[in-house]
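Student: I would like to learn how to read strands and sheets in a structure. Please go through some cases with me.

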Amino acid sequence: MDASVVLTASQDCTAKVWDMESGGCLKTLDGHGEFVRSAVFSSDGALVLTASGDRTARVWDMESCECLKTFEGHEDFVYSAVFSPDGARALTASADETAKLWDKESGECVKTLEGHRGAVCSAVFSPDGARVLTASNDRTAKVWDMESGECSKTLEGHTGAVWSAFFSPDSVRVLTASDDRTAKVWDMESGECLKTLEGHMESIGSAVFSTDGARVLTASSDRTAKVWDTESGECLKTLEGHTGTLGSAVFSTDGARVLTASGDRTAKLWDVESGECSKTFAGHGSVVCSASFPPDGARMPAASVGSTASTVSV
């Protein structure tokens, strides 16, 4: 049966691809020597990029599950890795207090972003690829010029570690998630905090905008995810059902669904309107650190568990 897929990363040292309809595991990417902290698809869905506690990031072929490239050079855990919008580069964030930019084809490090005074917990590109945004346990987020490698803005105001930072779709705002139990929306140019989202009872591990920027999604150690109105800061929905800490939560491209990753060793698919869980992905041997959807319009190899893979648009 042709179906959409989701991707998870786990402390069991693997990433897994799941059939969204059946909840069955289709593929396991196995090769890292330590926990896999994050896993994302390339824009065309043909590749997966993973970040690991073994100090490396790896590029995998989705069809064969073969590791095509290993990025080596960080001196400590790699917490996150993402592809650039044009797919030519990769960006990693590490506990060694740096983020690194890599050439995807050669595997060479082309730039190191230095300036944080603590672990860099996440790093992402702006939608146009011109800037990089990093989050650190030094309680700040930083905006960097991608070409020069210079820091152009430091966002200060959180009273705890900043676990993640995310650009709005128009790059006008920045969203941060912190150990201080809040998420903050910032004006990118002025560096001013526009809104503080308060309501979680424990640390917020991740925060992302919806595709249209109208909503924010947060994931917390309090075992819930929350959907917020970006402008008003009002909590619109609380997603409850996990029995462990939530490491991440993401919207589907159309904003109708949410995918969460938890310390209870599962990922869950939720209907945003009803707040109900429609699918649980269970099979990892340890904490699920992150979960992601394929990009909109990507062509993914999809098949029922144990059958021959085919290609389907999702």
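Tutor: Start with a hairpin. β21 and β22 form one, with three residues between them. In its turn, R223 has a positive phi of about 75°. Keep in mind that this is a predicted model.

Student: How many bridges pair β21 with strand β22, and in which sense?

Tutor: The general idea comes before the case. Strands of a sheet pair through backbone hydrogen bonds, and the pairing is either parallel or antiparallel. Here β21 and β22 (residues 224–229) are paired in the antiparallel sense, over five bridges. Within that pairing, L217 has V227 of β22 as its bridge partner.

Student: What joins β21 to strand β20?

Tutor: Five bridges link β20 (residues 204–209) to β21, and the two run antiparallel. V208 stands opposite L217 in β21. β20 and β21 also form a hairpin, this one with five residues between them. G213, in that turn, has a positive phi of about 75°.

Student: Why is β21 described as largely enclosed by the rest of the structure?

Tutor: A residue counts as buried when its relative accessible area is under 20%. In β21 (residues 215–220), six of the six residues are buried, so the strand is largely enclosed by the rest of the structure.

Student: Which residues of β21 lie on each face?

Tutor: R215, L217 and A219 are on one side, while V216, T218 and S220 are on the other.

Student: In what order do strands β8, β9, β10 and β11 stand in their sheet?

Tutor: The four strands form an open sheet in the order β8-β9-β10-β11, with antiparallel pairing. Its edge strands, β8 (78–83) and β11 (109–114), each pair on one side only. From one strand to the next, the twist averages 20°.

Student: How many bridges join β9 to β10?

Tutor: Five bridges join β9 (residues 89–94) to β10 (residues 98–103), and these strands run antiparallel. L91 stands opposite L101 in β10.

Student: Where does UniProt place the feature "repeat: WD"?

Tutor: The record, an unreviewed entry, places it at residues 1–28, 29–70, 71–112, 113–154, 155–196, 197–238 and 239–280. Take residues 71–112 as a case: the end C-alpha atoms lie 13 Å apart, and the span is 0% helix and 57% strand. For residues 197–238, the end C-alpha atoms lie 13 Å apart, with 0% helix and 57% strand in the span.

Definitions and conventions:
Residues numbered from 1 in each chain as written. Predicted model: local features only at pLDDT ≥ 70, side-chain atom pairs only at ≥ 80, totals over all residues. Heavy atoms only, no water. Pairing = 2+ DSSP bridges. Axes fitted to C-alpha atoms, helices over the stretch in contact; angles between N-to-C directions. UniProt positions renumbered as here; feature names shortened; annotations may be inferred. Buried < 20%, exposed > 50% of the residue type's maximum accessible area, 1.4 Å probe, protein only.
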